[in-house]
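This report describes one protein chain, from a single residue up to the whole fold. Look at the sequence and the structure first, then read on.

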Amino acid sequence: MIIGIDLGTTNSLVSVYQNGKASLVKNALGSVITPSVVGVDDEGRIIVGQPAKDRLQTHPELTVAVFKRLMGSDQTIRLGSLELKPQELSSFLLRQLKEDVEAELGITVTEAIVTVPAYFNDLQRKMTKLAGRLAVIDVERLLNEPTAAALAYGAHEELETQILVFDLGGGTFDVSILEMFDGIMEVRSSAGDNRLGGEDFSQIIVKDFFAYLVEEHHLAEDTLRSDFLPKILAECERAKTALSTQLEYLLSIEINGQSYQLTYSRDTFEKAAQPLLDRLILPVKQALTDSSIKLSELDQVLLVGGATRMPMISKLVARMFGRLPSREVNPDEVVAMGAGYQAVLKAKDAQINDVVLTDVCPFTLGIEIVNELGGRIISGVFSPIIERNTTIPVSRMERYYTTADQQEYVGIKAYQGESRHTSNNVYLGLLEVPVPKGEAGEQAIDVRFSYDINGLLEVETTVVSTNEKQSIVISNNHDLSEDDIQKSLEKLTAMKIH
Ligand code: ADP
Ligand code: MG
């Protein structure tokens, strides 16, 4: 049996194709949503999902969440005495999902279609597939999350369509613009904020509730934080969810035998959340600009992600686009449903092909320069050479000049990122280029950046007067060897899973 999996940053879901349609499958706890949390219990066994999430606040050193953000990095995550890689954590999650489906439906899972963010690069995609392998699931193929959402809305029945997908999850915000043409779904652009999601909205309520308890009731903030944080967080989370369908919620908590209550209104919540709402606008504009598709040309705007259940989000989107967004499919279920549809289409051998965004460079690449502005020298300025969302492979050249008299070397520092200041961007590497001495501005250097589909960046410099060339290749690929994979498999097999 082939299943569809939404392997989310906050929550994961599974769908299957049965009796002619895709439907979500409940886990062992009776919920279609499994929190993407992994932990170790008191006996040292791995726990996954809600039981792990319940221990997130009480056992922070034995529990880990939002590890999808680390996918593709070489980072090691400590869980008690265990040291794990992001793909290994994901594999625990996949294994749990698989076992739950098998138990619920009495079937054997052989293959899976797993969704990934449109902006995932080649390495992040490889690591997602590897997580499948470590969980003994054949990840038949990866599907872009926005494409999955579009499939759930029947985009595959259209010949030509242009769709904007607005996805606000637990900790990430992704905007993608899709174009369906000739049976192929292409991600035309993708933008977003990796540090903005539903949890930030919960924190607004937490802050207000804290203020109430500390200022009105003179409770010690330190004690509240050390002893009651899990309770407060859970209550605020309930309030947030409740306020999506009702206008008021009675926040209540018992502390040392005394009960404290605060009536919290949707109106208060929305006013306090305004700064977060403001941050949702820029990525939408960016995605539209990068796609060269005009707002008026969009056929549909889809709401995706649990956090879009908040009325303030659909209101904002409606205002931005001057029309009501589509949300007939539950926003937190739509990606998994789409993965299920892809499984259906695959069974019929009619699956939709989607072009992955690794076909464009996901970051701006450039070098650090010194600028002169009205006689003032400004250093640490980022000069882009390859703009983000440029189709790759790409090779671009810019000419730069020396800035000081008698300069002997020019340091070409490569960076990736979107800030005007290199200090906010990611440093990639350095080329020391010797130049003939002369007056400032006399020597010119051509800097060529070539970026290929494997994520390799070649930086080549040419001193124009001497035609002297230098180059370096910068790779952010930490690909694993077959040996590493076998070691990882052995390590995981030795672990006890609850
Ligand atoms: P991800 O894609 O990050 O895995 P989801 O799409 O599952 O995440 O969204 C999870 C977020 O949605 C959480 O912050 C959760 O609190 C929020 N959420 C879920 N249901 C509601 C609701 N009814 N009202 C407001 N927020 C909600
Ligand atoms: Mg999601």
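Leaving aside its neighbours within four places in sequence, which residues is Phe-166 in contact with? The model is predicted, so local features need pLDDT of at least 70 and side-chain atom pairs count only at pLDDT 80 or more, while totals for chains, interfaces and linings use all residues. Residues are numbered from 1 along each chain as its sequence is written, chains are lettered from A and ligands numbered from 1 in the order in which they are written, and side-chain values use heavy atoms, with hydrogens and water left out.

**One residue**

With those neighbours set aside, Phe-166 is in contact with Phe-173, Asp-174, Leu-280, Val-284, Leu-302, Leu-303, Val-304, Thr-308, Ile-313, Val-317 and Met-320. Contact means heavy atoms within 4.5 Å. Phe-166 and Val-304 are 138 residues apart in sequence, yet their C-alpha atoms are 5.9 Å apart in space. Phe-166 lies in strand β12, residues 160–168. Helices (H or I, at least four residues) and strands (E, at least two) are DSSP runs, numbered from the N terminus. Phe-166 counts as buried because its relative accessibility is 0%. Buried means under 20% relative accessible area, exposed over 50%, and partly exposed in between, with a 1.4 Å probe and protein chains only.

**Nonpolar cores**

In soluble globular proteins, nonpolar side chains tend to be buried together. A nonpolar core is a set of buried Ala, Val, Leu, Ile, Met, Phe, Trp, Tyr and Cys residues joined through side-chain atoms within 4.5 Å. The largest one here has 52 residues, and Leu-164, Phe-201, Leu-213, Ile-232 and Ile-313 have the most contacts inside it. Not counting residues up to four places away in sequence, Leu-213 touches His-218, Leu-219, Leu-224, Ile-232, Ile-253, Ile-255 and Tyr-260. A second, separate core of 42 residues includes Ile-3, Val-16, Ile-46 and Leu-123.

**Two sheets**

Two strands pair if DSSP finds at least two bridges between them. Angles run from 0 to 180 degrees between N-to-C directions, along axes that are lines fitted to C-alpha atoms. Two open sheets are set out below.

| β20-β19-β22-β23 | antiparallel | β20 (376–386), β23 (426–434) | 35° |

Leu-365 stands opposite Gln-416 in β22, and the bridge partner of Gly-366 is Tyr-415. On to the next strand, β22 and β23 pair over 8 bridges, and Tyr-415 has Tyr-427 as its bridge partner in β23.

In the sheet that holds β21, 8 bridges join β21 to β24 (residues 444–451). There, Arg-396 stands opposite Phe-449 in β24.

**The whole chain**

The secondary structure of the protein comes to 12 helices and 26 strands. The radius of gyration is 25 Å, close to the 23 Å that the globule rule gives for 498 residues, so the protein is as compact as a globular protein of that length. This radius is taken over C-alpha atoms, and the rule is 2.2 Å times the number of residues to the power 0.38. Along its principal axes the C-alpha trace spans about 80 × 65 × 55 Å. Of the 498 residues, 52% count as buried. Among contacts between residues at least 6 apart in sequence, 63% join residues at least 24 apart.
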